[in-house]
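Please open the model in your viewer and keep the sequence panel beside it. We will go from stop to stop, selecting a few residues each time and reading what is there.

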Amino acid sequence: MVKVAMIGVGAISGIYLENLTNVFKEVELIGVCDLIPERAEKGVAYVKEQQEKGAKAVTPKIYATMHDAFADPEVDVILNLTRPYEHFEVTKAALNAGKHVFSEKPLAVDMEEADQLVALAKEKGLYMGGAPDTFMGAGIQTVRELVDNGAIGDVIGANCAMICHGHETWHPDPEFYYKRGGGPMMDMGPYYVTALVQLIGEAKGVIGMTKKTFQQRLITSAPHHGETIDVDVDTHLTGSILFANGAIAQICTTFDVHYGMGAQCRFELYGTKGTICVPDPNTFGGPVLLLRPEDQNAGPQRDPGLIAAMMKEPPNFYRGYKEVPLMFDYNTNSRALGLSDMCKAVETKRDFRANYQQQHHVLEILTAFSKSSETGTYIPLKTRYTRTAPMKNNPMKGILDA
């Protein structure tokens, strides 16, 4: 059993606590630590509540500092759930203490920090990886199965959009989303770009344009209702990614746009033989929609634009698509799936899926949009990338393949 200590018990920790306590059976959470002791205490209280309901989990110890967790000889892996701009220092200290590390996204806030962490993990011979692990869920894995089996032919490109008006209306502590390491591309972009490289492969270069629409944001969520945030990062980023196989993906991430409730994700993958509507990569499930020309009803041979103009109802963008049943496990919020997979790798010495090679490549893509916008140039990428293994279904949920 691989033993894990959690550093940072903030908003995202809730789903990790739930899944580490109730779902994943090869990982044991033995300790927690937070700069605000009450958060750590609340995390332990949650585990005790689950124990009373029958969960076979140990009661985590509370570490006074993260360095106490790093010094604990029982701990094999550090789960880094701190804020993005804190990822580098926490991960670096853990690696220097000889611990494997799995962190929330991103790996770091810039490539200089990321390069240091990758070099350190290699030097120490330690496993390092991190979120997002949503690509390991049933939705993206089903899309990958379709792509790999030629359901849409050769991939031509993709079109992705994450459109919303920021997190200050609902998040209890939204300020960091507008500080160094924040913004929509660094916050939500990892889900989309990770899915893209999993589905298409290595990227070669990026060109982008970015802007900051609002200098300040008003918080309307508790407990900071009425406070304002000075915005330090760009909040509307758009551009294109060129892949090694010649495919081109467009992506837009924004915190500046009013959009329909529940409709913030757009993700389409285009091939020579069809199109797939990819499910929201911030989730683990579906739906997966497939369109092939032979599945469409024969229609009048005329300009499609004129046909749309004559329709009296709003356009149905999914007319003609067929829903593909999900082929893999983990279709609900399964955060800690990637951690569990890495812990399996620690035990068996195999590779794991949410590894630092992927995080490193994704981070270079994410940060290249702003670099391109600032310089007005195409940014070639230096990192290399090889897709990790697809998922396998196992008879028992919570047990990862060997």
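Predicted model: local features only at pLDDT ≥ 70, side-chain atom pairs only at ≥ 80, totals over all residues.

Residues are numbered from 1 along each chain as its sequence is written, and side-chain values use heavy atoms, with hydrogens and water left out.

Stop 1: Side chains of opposite charge can pair when their charged atoms come close. The structure holds 20 salt bridges, a salt bridge being a side-chain nitrogen of Lys or Arg within 4 Å of a carboxyl oxygen of Asp or Glu. Select K3 and E28, which form one of them, with their closest N and O atoms 2.7 Å apart. This pair links distant parts of the chain, since K3 is in strand 1 (residues 2-7) and E28 is in strand 2 (residues 27-33), 25 residues apart. Strands (E, at least two residues) and helices (H or I, at least four) are DSSP runs, numbered from the N terminus.

**Stop 2: E202 and its partners.** Now select E202, K204 and R384. The side chain of E202 meets that of K204 in a salt bridge at 3.6 Å, N to O, and E202 also forms a salt bridge with R384, at 3.2 Å. E202 lies in the loop between helix 8 (189-200) and strand 8 (203-211) and R384 in the segment after strand 17 (379-380), so their pair ties together parts that are 182 residues apart in sequence.

Is E202 buried or exposed? E202 is buried, because its relative accessible area is 18%, and buried means under 20%, exposed over 50% and partly exposed in between (1.4 Å probe, protein chains only). R384, at 42%, counts as partly exposed.

**Stop 3: the core.** Next select I241, L269 and I276, which touch the most other members among the 118 residues of the largest nonpolar core. Such a core is a set of buried Ala, Val, Leu, Ile, Met, Phe, Trp, Tyr and Cys residues joined through side-chain atoms within 4.5 Å. Its largest share, eight residues, comes from helix 8.

**Stop 4: the surface.** Finally, select I207, L242, I248 and Y378, which form a nonpolar patch on the surface with about 330 Å² of accessible area together. Patches are made of residues with over 30% relative accessible area and no salt bridge, like charges being joined within 9 Å and nonpolar side chains (Val, Leu, Ile, Met, Phe, Trp, Tyr) within 5 Å; accessible areas come from the Shrake-Rupley method with a 1.4 Å probe, and for residues only the protein chains shown count as cover.
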